[in-house]
Amino acid sequence: MANTYTQVHIQVVFAVKNRSSLIHATWEDALFRYITGIIQNHGHRVLQVNGMPDHVHILFGMKPDQALSDLIKQVKQDSSKWINQQGYVKGRFSWQAGYGAFSYSKSQIPRVVRYIQNQKEHHKKKTFREEYLEFLKAFEIDFNEGYIFKEV
């Protein structure tokens, strides 16, 4: 797209199906690299990926030539297929339906990167559900309580 200039930074958060703690420390780095590759192969710039055994945070610079929903569908589809092919879990791995997406200005990026890097420490004090609800409220996103990830 000639003469199109953008600066769009998005943090996406999504959970393992049924909020099961299936992402194991022994292979989480490989998963995060795989997710990074999927996003980069679509022309976007990954700034940080991290998570917990039951969910993932991704911060990236998004190009305007792809719908966010299409990208996240591809990330979830390809990464779950990869996890299953690797045999990392008993049974079938899949991501929970839906995701949260939150936009940030360039000046906020260092703070968001640190936040994502410190997930393990952060979740010693706060559950994923509490964190997710805080995001929705901070960004003033209307939501239906029936669709919010439930505690396990």
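Predicted model: local features only at pLDDT ≥ 70, side-chain atom pairs only at ≥ 80, totals over all residues.
The strands of the model form an open sheet of four, arranged in the order β2-β3-β1-β4 and paired in the antiparallel sense. Because β2 (residues 45-52) and β4 stand at the edges, each with a single partner strand, one side of each is left without a neighbour in the sheet. From one strand to the next, the twist averages 15°. Strands of a sheet pair through backbone hydrogen bonds, in either a parallel or an antiparallel sense. In the present sheet, β2 is joined to β3 by seven bridges, the two strands running antiparallel, and within this pairing M52 has H55 of β3 as its bridge partner. Helix α3 packs on the sheet, where it touches β1, β2, β3 and β4, and its direction makes about 35° with that of β2.

Strand β1 pairs with β3 in the antiparallel sense over seven bridges, and Q11 has L59 in β3 as its bridge partner. Five bridges join β1 to β4, again with the strands running antiparallel, and here V12 stands opposite A101 of β4. Strand β1 is mostly covered, seven of its seven residues being buried. The burial extends to both faces of β1, with H9, Q11, V13 and A15 on one side and I10, V12 and F14 on the other. In β4, by contrast, one face, made up of G100, F102 and Y104, is covered, whereas the face that carries A101 and S103 is uncovered.

Turning to the helices, α1 (residues 28-41) and α2 (residues 68-86) pack at an angle of about 140°, with their axes 10 Å apart. This angle makes α1 oblique to α2, and α1 passes α2 in a right-handed crossing. The contact involves A30, L31, Y34, I35, I38 and I39 on the side of α1, and L71, Q74, V75, D78, S79, W82 and I83 on the side of α2. Classified by residue type, the contact of α1 with α2 comprises ten nonpolar, two polar and one charged residues.

Helix α5 (residues 128-138) contains a set of buried residues, namely F128, R129, E131, Y132, L133, F135 and L136. The elements that cover these buried residues of α5 include the strands β1 (9-15), β3 (55-61) and β4 (100-104), together with the helices α3 (109-117) and α4 (119-122). Just after α5, the backbone at E140 takes a positive phi of about 55°.

Within helix α4, attention may be drawn to H122. The relative accessible area of H122 is 18%, and this residue is therefore classed as buried, since the class takes in values under 20%. When residues up to four places away in sequence are not counted, H122 touches Y115 and E131.

How values were computed
Residues numbered from 1 in each chain as written. Heavy atoms only, no water. Axes fitted to C-alpha atoms, helices over the stretch in contact; angles between N-to-C directions. Parallel < 35°, antiparallel > 145°, perpendicular 65-115°, else oblique. Left-handed = near helix turned anticlockwise from the far one by under 90°. Contact = heavy atoms within 4.5 Å. Nonpolar A, V, L, I, M, F, W, Y, C, P; charged D, E, K, R; others polar. Buried < 20%, exposed > 50% of the residue type's maximum accessible area, 1.4 Å probe, protein only. Pairing = 2+ DSSP bridges.
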